[in-house]
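User: I should like to learn how to read packing features from a structure. Could we work through an example together?

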Amino acid sequence: HPLNFSMTSGGNVILMLLAVLLINVSAFASPRQSSSSISAGSLYAKEQKRIDGSRGGIKLTDMIADMAAVGAGAVAGAISRYQIGNIATRIIAEDKRLSGLTGWHTAAINIFGSFILGSLAGTPTIDASTAKPDAKGISPRMRLMAGVGFCGSFTTFSTFSVDIVGMLNSGKFVRAITYATVNNVGGIAAAFAGFNMAKRMIKK
């Protein structure tokens with residue numbers, strides 16, 4: 001029966017996700033794993049570097065808090081992209097003169113997301129517990145939430161790729177090349193601008 005199949009498949013997916021979570025927990029909390037191997041194996045450890053000296057591993061509570069921060073950022077980013085897409089689609093549908101802009105909101109989202117991530121890259125990471133009161137920067141957890149979480153789900157390379165395939169399949173080669181150029185060059189330029197803007201603001 002289709003219902004039984006979907007329930008079984010859903011259960012298998014949940015079990016697989018739980019297994020992956022347990023593997024990650026054991027990898028991060030294992031006392032046999034050195035901080036250098038953790039840093040080489042994950043962005044999390046590179047950003048955090050909060051090592052529990054008594055156990056030789058990253059604190060489980062810190063890892064869970066960081067996972068929650070990434071999840072919160074990802075939800076915000078996905079909802080933002082979804083709403084922007086809805087608004088852009090509705091505006092274009094109401095004005096036929098804008099029909100040529102269909103799909104371009106994805107490029108705009110990617111460019112804006114690149115600017116945000118570039119700004120984060122140009123902002124130093126500080127530890128609130130040890131930093132001076134006038135220190136400028138963001139905490140590792142905030143960086144994870146905004147960078148990995150929000151920007152990771154707000155921007156979308158997969159939708160951009162499918163848009164390109166659709167244009168090429170429709171014979172719109174010039175539009176596909178223009179779209180790819182604007183998305184990639186614009187994204188790099190936006191990241192560069194955000195990075196340098198953050199650097200200048202920090203120096204003030």
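User: Which residues make up the largest nonpolar core?

Analyst: This is a predicted model. Its largest nonpolar core consists of six residues: Ala107, Phe160, Ile164, Met167, Ala176 and Tyr179. Two or more residues are given by each of α7 (157–169) and α8, and α7 supplies the largest share, three residues.

User: With which residues is Tyr179 in contact, leaving aside its neighbours within four places in sequence?

Analyst: Tyr179 is in contact with Gly103, Trp104, Thr106, Ala107, Phe160, Asp163, Ile164 and Met167. Among these partners, Ala107, Phe160, Ile164 and Met167 belong to the core.

User: Does Asn183 count as buried or exposed, and why?

Analyst: Buried means under 20% relative accessible area. Asn183 has 7% relative accessibility and therefore counts as buried. Asn183 lies in helix α8 (residues 173–203). Beyond its neighbours within four places in sequence, Asn183 contacts Thr106, Ala107, Asn110, Ile111 and Phe160.

User: What span should helix α4 have, and what is the distance between its end C-alpha atoms?

Analyst: At 1.5 Å a residue, the 35 residues of α4 (residues 60–94) should span 51 Å. The end C-alpha atoms are 51 Å apart, which agrees.

User: At what angle do α4 and α6 pack?

Analyst: Helix α6 (residues 140–154) packs with α4 at about 35°, with the axes 7 Å apart. The crossing is right-handed. Their contact has twelve nonpolar, five polar and four charged residues.

Note on methods:
Residues are numbered from 1 along each chain as its sequence is written. This is a predicted model: local features need pLDDT of at least 70, side-chain atom pairs count only at pLDDT 80 or more; totals for chains, interfaces and linings use all residues. Side-chain values use heavy atoms; hydrogens and water are left out. Helices (H or I, at least four residues) and strands (E, at least two) are DSSP runs, numbered from the N terminus. The expected span of a helix is 1.5 Å times one less than its number of residues. Buried means under 20% relative accessible area, exposed over 50%, partly exposed in between (1.4 Å probe, protein chains only). Contact means heavy atoms within 4.5 Å. A nonpolar core is a set of buried Ala, Val, Leu, Ile, Met, Phe, Trp, Tyr and Cys residues joined through side-chain atoms within 4.5 Å. Axes are lines fitted to C-alpha atoms, for helices over the stretch in contact, and angles run from 0 to 180 degrees between N-to-C directions. A crossing is left-handed if the near helix is turned anticlockwise from the far one by less than a right angle, and right-handed if clockwise. Ala, Val, Leu, Ile, Met, Phe, Trp, Tyr, Cys and Pro count as nonpolar, Asp, Glu, Lys and Arg as charged, and the others, Gly among them, as polar.
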